[in-house]
Amino acid sequence: MSRKSIVHSFIALCFLALSTAAVSETCTAGSEMDAASKSSIDAAAHQMFQQMQQGDVFSLKQSSIPALSSSFGSIEQTIVSNKPRYAASNLMIKNEYLLDAPGTAPVARAEFLCGVWGQPDFTTFVVPNLPPGRYAIVVSDLSGQTPSTLSLILQQQGAAWKLAGYYPQPPPIAGHDGNWFLQQARTYKSQGQAHNAWFYYLMAWERVAPLPFMYNKSLEAVRQEIAQSQPPDVRTDNKPADFSADGKTYKITTLQPFADKDDLDLVLKYQAADISNTMQVDKDNKALVNAFLAKYPEYKSAFSAIVARAVAPNGQDFGTLVSLKDESGTAKK
């Protein structure tokens, strides 16, 4: 398991509501867990994090369930790229949950109710198509220069706990964490900048939600706030959207924020039949960005640049970065 597109994963989860008691799945929170189970889960999580700190993706892959190790490429890349951050951080386990999904077939919609109903820490996990088994969810804080959250899903196989899911929370951008993005989104919304608010809400969600299928009172409030803030002209159905610029119609396939070190850019991808003439593609990219900004000038105040990428049918692309800041670092007029 790894994090998907922030837009599509969030929208899909908005349709999952908290429901009544599960029939057979059970959850034991860390405060209720027996000492032996808690100790073995914590030890496995710390060992896996040490492997991440060392960039030892081979051992981590060997310590994963077959379904995860068979498609370990994206996780390996993320761990390697995050090795310096992990090496400078300490793992502090915040919450553990022991999940039991009995039976002999995958559960179409496994629902785990953890803790005491009505209490602030009452938590629900809703996992589709979950194979039967005994699982543990470990939510940890990573200390260091760029603090964030790391959540691991473990599955018990024999006496050992194996890695079954890896959910690293993106680090802050220019020192700004999820709460900052959430407040900034609310500010943009109050100023009538609905598009800036939407994308900042999505950046916030990635940084406040430890897991996309985790529900509690505070997360549900944020989830509902974001769902009510989606602009009517923002597509989330993964279908191309037509946009006219400089006498041409562009089929936009992707519009999402992208963190580039301390800068926040907006990436705009569109379908292109041919990108071999890079001079013409560069011209088209700039024309598209200029027309886009003419229609949505608010983006100048929220992003450092817009990156237009023409994507050919074979997946190759050509991009052009258009800065939205002047030499002083303020938004261009």
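Which side chain does a polar contact of 2.9 Å join to that of Asp284? Select Asp284 to start: the partner is the side chain of Lys248. A polar contact here is a pair of N or O atoms within 3.5 Å; within protein, one must be able to donate a hydrogen and the other to accept it, and residues adjacent in sequence count only if both atoms are side-chain atoms.

Before going on, note that this is a predicted model, in which local features need pLDDT of at least 70 and side-chain atom pairs count only at pLDDT 80 or more, while totals for chains, interfaces and linings use all residues. Residues are numbered from 1 along each chain as its sequence is written, and side-chain values use heavy atoms, with hydrogens and water left out.

**Stop 1: Asp284 and Lys248**

Stay on Asp284, which lies in helix H9, residues 278-295. Helices (H or I, at least four residues) and strands (E, at least two) are DSSP runs, numbered from the N terminus. Show the neighbours of Asp284: not counting residues up to four places away in sequence, Asp284 touches Lys248, Tyr250 and Tyr270. Contact means heavy atoms within 4.5 Å.

The pair with Lys248 is also a salt bridge, with the closest N and O atoms 2.9 Å apart. It links distant parts of the chain, since Lys248 is in strand E10 (residues 248-260), 36 residues from Asp284. A salt bridge is a side-chain nitrogen of Lys or Arg within 4 Å of a carboxyl oxygen of Asp or Glu. By this rule the count comes to nine salt bridges.

Asp284 counts as buried because its relative accessibility is 13%, whereas Lys248, at 35%, counts as partly exposed. Buried means under 20% relative accessible area, exposed over 50%, and partly exposed in between (1.4 Å probe, protein chains only).

**Stop 2**

Select Glu220 and Arg223. Their side chains meet in a salt bridge at 2.8 Å, N to O. The two residues are three apart in helix H8 (residues 217-227), so about one helical turn separates them. Glu220 is buried at 15% relative accessibility, and Arg223 is buried at 1%.

Next select Arg207 and Glu206, whose side chains form a salt bridge at 3.7 Å, N to O. Arg207 is buried, with a relative accessible area of 10%; Glu206 is buried too, at 15%.

**Stop 3: Ile173**

From Arg207, move to Ile173, which has Arg207 among its contacts, along with others including Phe181, Met203 and Leu264. Ile173 sits in the loop between E7 and helix H6 (178-190). At 5% relative accessibility, Ile173 is buried.

**Stop 4**

Switch to a cartoon view. Five strands make an open antiparallel sheet in the order E1-E2-E5-E6-E7. Strands E1 (26-29) and E7 (160-168) are at the edges with a single partner strand each, so one side of each has no neighbour in the sheet. From one strand to the next, the twist averages 25 degrees. Two strands pair if DSSP finds at least two bridges between them. E5 (residues 133-142) and E6 (residues 148-157) pair over eight bridges. Select Val138 to find Leu152 of E6 opposite.

Now show helix H2 (residues 35-53), which packs on the sheet and touches E2 (91-101), E5, E6 and E7; the directions of H2 and E2 make about 125 degrees. Helix H5 (residues 73-87) packs on the sheet as well, touching E5, E6 and E7, and makes about 80 degrees with the direction of E7. Axes are lines fitted to C-alpha atoms, for helices over the stretch in contact, and angles run from 0 to 180 degrees between N-to-C directions.
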